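Subject: Structure handover

Hello,

Here is the structure we talked about. My notes on it follow below.

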Amino acid sequence: MAQYAVLIFERETADGAPDLPPEVLQAHMDLPARVAERGGRIVAGMALEPNATATSLRGDVITDGPFIETKEALAGVFVLEARDLDHALALAKLTPIVSGGVEVRPLVGFHVTPDE
Amino acid sequence: MTGPVEVPGVESAVAEAHRSEWAFVLAATARITRDLDEAEEVVQDAYLQALRTWARDGVPERPGAWLTTVARRGALNVLRSRRTLERKLPLLLEPEEALEPEPAAEIQDDRLRLIFTCCHPALAEEAQVALTLRLVCGVATPDIAQAFLVTETTMAARITRAKKKIATARIPYVVPDAADLPARVDAALTVIHLLYAAGHTAHSGAELVRDELTGRALDLARMLHQLLPGVLDTGGLLALLLVHHARRATRTDPEGRLLRLQDQDRSRWDGDLIAEADRLVVAALRAGPPGRFTLQAAIAALHAQAPSYAETDWPQILVLYDELLKVWASPVVALNRAVAVAEVDGPAAALVAVEALEADGRLSGYRYLHATKAELLHRLGRDTEAVRAYRAALDLSGNAAEQEFLQERIHATHPST
């Protein structure tokens with residue numbers, strides 16, 4: 001199995017995730033099970049607070065906001081295991097999206113630092 | 001064919017086998033190496049070996065099978081040395097049974113795997129076109145670069161990037177499953193059509209028909225139709241290209257200037273190709289709801305079968321354009337439909353349609369919009385406006401033959417300029 005990052009890009013709302021319709025939130029909760037049913041695995045996932053909370057650093061310069069401004073902001077990332085790109089795309093299609101889309105990228109590696 | 005053959009015959013036999021068997025040999029070999037670069041290398045070696053061995057022993061009865069055997073043996077050697085080196089490269093993906101001997105029918109399928117890998121929508125369209133020429137047709141990179149008017153370095157980089165993405169993102173070496181097949185077949189047909197169109201119009205430069213590209217595109221369309229008979233639009237695309245091909249000799253006059261359909265010598269069209277196209281169109285129309293290539297082929301075949309421009313079945317062509325717009329809402333189709341409207345309902349009705357398209361804006365950089373509008377204005381006696389529209393078309397054309405044609409039209413419309 002290969003690993004891919006699925007980057008979720010969504011039109012932003014004022015408060016981020018809490019503004020999502022309940023059925024969309026539920027669909028996010030159900031995603032790992034649906035992916036598993038289809039022979040894939042979600043290894044890890046993270047949901048991001050809105051762009052307005054981001055702080056960027058370029059060298060020593062600190063700026064308010066995300067590193068790259070886009071119409072649809074990066075809202076979350078999950079790590080997906082799939083057989084190949086076609087499988088990964090079919091699984092990524094299950095991601096609940098309100099207004100935006102996802103980007104699928106092969107991973108060079110994915111590591112979690114174990115607790116001491 | 002048995003016994004030794006003289007050397008010149010061998011060279012042409014190898015060249016012929018290169019053209020007709022390359023995809024077959026490479027596709028079967030790539031299943032073993034699971035790496036396109038390595039497969040290409042051993043297949044190239046197999047062709048070199050053919051030059052030597054066939055000169056000595058004669059041309060084998062089935063050159064494709066001979067080349068496949070030699071290339072697959074080379075691939076197994078590569079695998080062995082790869083294991084020794086313990087290289088860990090991302091490989092083409094497909095089920096593990098690749099090394100088993102397999103029935104001929106399965107090997108046939110390998111060409112489909114190769115086509116679908118090269119025409120994967122995760123690759124940019126220009127990369128799909130280049131990869132298809134390189135890997136499915138075996139055309140050398142410098143020749144591809146020349147055909148698409150980019151430097152060899154640019155084209156080599158484009159092909160390398162695409163191969164790297166196939167390996168890194170793990171684009172699978174498979175025939176897509178039933179759910180994805182319609183969209184993926186359409187993508188492959190689009191690439192083949194682009195190839196033909198690139199050879200046919202040769203946007204810049206003096207030579208109008210680049211036979212190599214059009215011939216390759218026709219080979220590919222035949223291959224896809226043969227491998228996926230009756231699937232969606234494969235028959236439609238082949239029919240469409242056959243009609244284009246049947247008329248290729250009359251697209252320009254002896255000086256290389258573009259000729260309009262109404263000015264072409266229909267007696268020089270290739271009747272056999274047109275008849276073959278017609279049979280394919282009839283079969284495709286019977287098979288189910290027609291796709292965009294089948295409808296375009298039906299329109300082209302009607303034109304090709306008409307004894308003259310005036311005697312063309314314009315009402316039927318208009319009906320087909322209406323159908324085509326339903327499955328493919330392209331402004332270019334709408335523009336072509338307007339030409340049919342001019343013949344059925346007159347130039348004034350057609351001009352209304354063209355002006356609506358102009359207002360839409362998507363075709364403002366499209367020279368045929370301005371040329372069509374100019375033609376209609378001329379027929380309505382509005383020559384000053386017609387000349388202005390011809391000039392707009394002229395400004396957008398990068399093709400010498402076309403520019404000359406438009407100059408001529410300006411001159412004919414308004415002799416004082």
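Chain B is divided into three parts: domain 1 (1-89), domain 2 (109-228) and domain 3 (231-307). Please keep in mind throughout that this is a predicted model. Taken over C-alpha atoms, the centres of domain 1 of chain B and domain 3 of chain B are separated by 36 Å.

Chain B overall

Chain B contains 18 helices and 0 strands. It has 417 residues, of which 51% count as buried. Its accessible surface comes to about 19,300 Å², and 54% of that belongs to carbon and sulfur atoms. Among the contacts in chain B with a separation of 6 or more, 66% are between residues 24 or more positions apart.

Helix α10 of chain B

This helix covers residues 234-246. How many of its residues are buried? The count is 13 of the 13, so α10(B) is largely enclosed by the rest of the structure.

In the loop between α10 and α11 (271-287) of chain B lies B:R248. B:R248 has a relative accessible area of 32%, and is therefore partly exposed. B:W269 is 21 residues away from B:R248 along the chain, and their C-alpha atoms are separated by 7.8 Å.

Most residues other than glycine have a negative phi.

- B:R34 has a phi near 55 degrees, which is a positive value. B:R34 sits in the loop between α1 (7-33) and α2 (36-57) of chain B. Its relative accessibility is 18%, so B:R34 counts as buried, the cut-off being under 20%.
- B:R170 has a phi near 60 degrees, also a positive value. B:R170 belongs to the loop between α7 (152-168) and α8 (181-201) of chain B. With a relative accessible area of 22%, B:R170 is partly exposed.

Chain A

A:V6 is in strand β1 (residues 2-11) of chain A. Is A:V6 buried or exposed? At 0% relative accessibility, A:V6 counts as buried. Not counting residues up to four places away in sequence, A:V6 touches A:G76, A:V77, A:F78, A:L80, A:A92, A:T95, A:V102 and A:E103. A:H28 is 22 residues from A:V6 in sequence, and the two are 13 Å apart in space, C-alpha to C-alpha.

A:L48 has 37% relative accessibility and so counts as partly exposed.

Contacts from chain A to chain B

A:D86 is part of helix α2 (residues 85-92) of chain A. Which residues is A:D86 in contact with, leaving aside its neighbours within four places in sequence? They are B:H120, B:P172, B:V174 and B:R184. The relative accessible area of A:D86 is 18%, so A:D86 is buried.

Best regards

Key. Residues numbered from 1 in each chain as written. Chains lettered and ligands numbered in written order. Predicted model: local features only at pLDDT ≥ 70, side-chain atom pairs only at ≥ 80, totals over all residues. Heavy atoms only, no water. Buried < 20%, exposed > 50% of the residue type's maximum accessible area, 1.4 Å probe, protein only. Helix = DSSP H or I, 4+ residues; strand = E, 2+ residues; numbered from the N terminus. Expected span 1.5 Å × (residues − 1). Domains from an automatic or database assignment. Contact = heavy atoms within 4.5 Å. Areas by Shrake-Rupley, 256 points an atom, 1.4 Å probe, with all protein chains shown as cover.
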